[in-house]
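Here's a quick tour of a fold, starting with its charged pairs and moving on to its sheet. Have the model open while you read.

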Amino acid sequence: MHNNNRSETDITVDFHDYETILKVRGKYSGFNEYFKVDQLEEKFESIKDIEKAKRILIQFEIPENLSLSTITNFMSKVYDKVDINTDIIFGTKTNKNLEEDEIFIRVLMSGLWIKYPKELI
């Protein structure tokens with residue numbers, strides 16, 4: 001099937017990317033959400049446990065007019081917050097149905113280990 005909404009600047013995330021993220025032991029967490037572009041910073045700060053993840057997949061759906069520097073800045077903050085050994089996959093997809101100030105983000109984090117009290121180990 002051909003996707004006419006695809007842009008030359010899209011970075012595709014596929015089934016194998018999800019498989020890579022999910023092939024690690026531990027707890028999983030994530031979300032799918034639409035919000036305004038100017039709320040991206042606030043959204044980043046609200047992501048719980050991102051620094052504990054062993055693998056992260058982040059997929060953006062963006063309007064045609066959104067500069068990729070917005071995504072680059074967001075991803076720089078992610079890289080700064082996580083462990084250097086964390087595997088990160090990200091992608092972008094142009095969505096012509098989004099308003100010019102709207103963005104959709106899908107985050108999947110894996111390998112989140114639960115810390116048990118010593119007496120339970």
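## K36 and D101

K36 and D101 make a salt bridge, with their closest N and O atoms 3.5 Å apart (a salt bridge here is a side-chain nitrogen of Lys or Arg within 4 Å of a carboxyl oxygen of Asp or Glu). This pair joins distant parts of the chain, 65 residues apart: K36 sits in strand β1, and D101 in the loop between β3 (87–94) and β4 (102–112). Helices and strands are DSSP runs numbered from the N terminus (H or I, at least four residues, for helices; E, at least two, for strands).

K36 is partly exposed at 36% relative accessibility, and D101 is partly exposed at 36% too. For these labels, buried is under 20% relative accessible area, exposed is over 50%, and partly exposed is in between (1.4 Å probe, protein chains only).

A word on the source: this is a predicted model, where local features need pLDDT of at least 70 and side-chain atom pairs count only at pLDDT 80 or more, while totals for chains, interfaces and linings use all residues. Residues are numbered from 1 along each chain as its sequence is written, and side-chain values use heavy atoms, leaving out hydrogens and water.

## Two pairs involving α2

Searching the whole structure turns up five salt bridges. One of them joins E33 to K43, with the closest N and O atoms 2.7 Å apart. E33 belongs to strand β1 (residues 27–36) and K43 to helix α2 (residues 40–46), so this bridge ties together parts 10 residues apart in sequence. E33 is partly exposed at 29% relative accessibility, whereas K43 is buried at 14%.

Then there's K77 with E41, whose closest N and O atoms are 2.1 Å apart. K77 is in helix α3 (residues 68–81) and E41 in helix α2, 36 residues apart. Both ends are partly exposed, K77 at 31% and E41 at 40%.

## The sheet and its helices

Which order do the four strands take? They form an open sheet, β1-β4-β2-β3, with mixed pairing (strands pair if DSSP finds at least two bridges between them). β1 and β3 are the edge strands, each pairing on one side only. Strand β2 (residues 55–62) pairs with β3 in the parallel sense over eight bridges, and Q59 stands opposite G91 in β3.

Helix α1 (residues 15–22) lies across β1, β2, β3 and β4, at about 145 degrees to β2. Helix α3 lies across β2, β3 and β4, at about 160 degrees to β2. Contact means heavy atoms within 4.5 Å; axes are lines fitted to C-alpha atoms, for helices over the stretch in contact, and angles run from 0 to 180 degrees between N-to-C directions.
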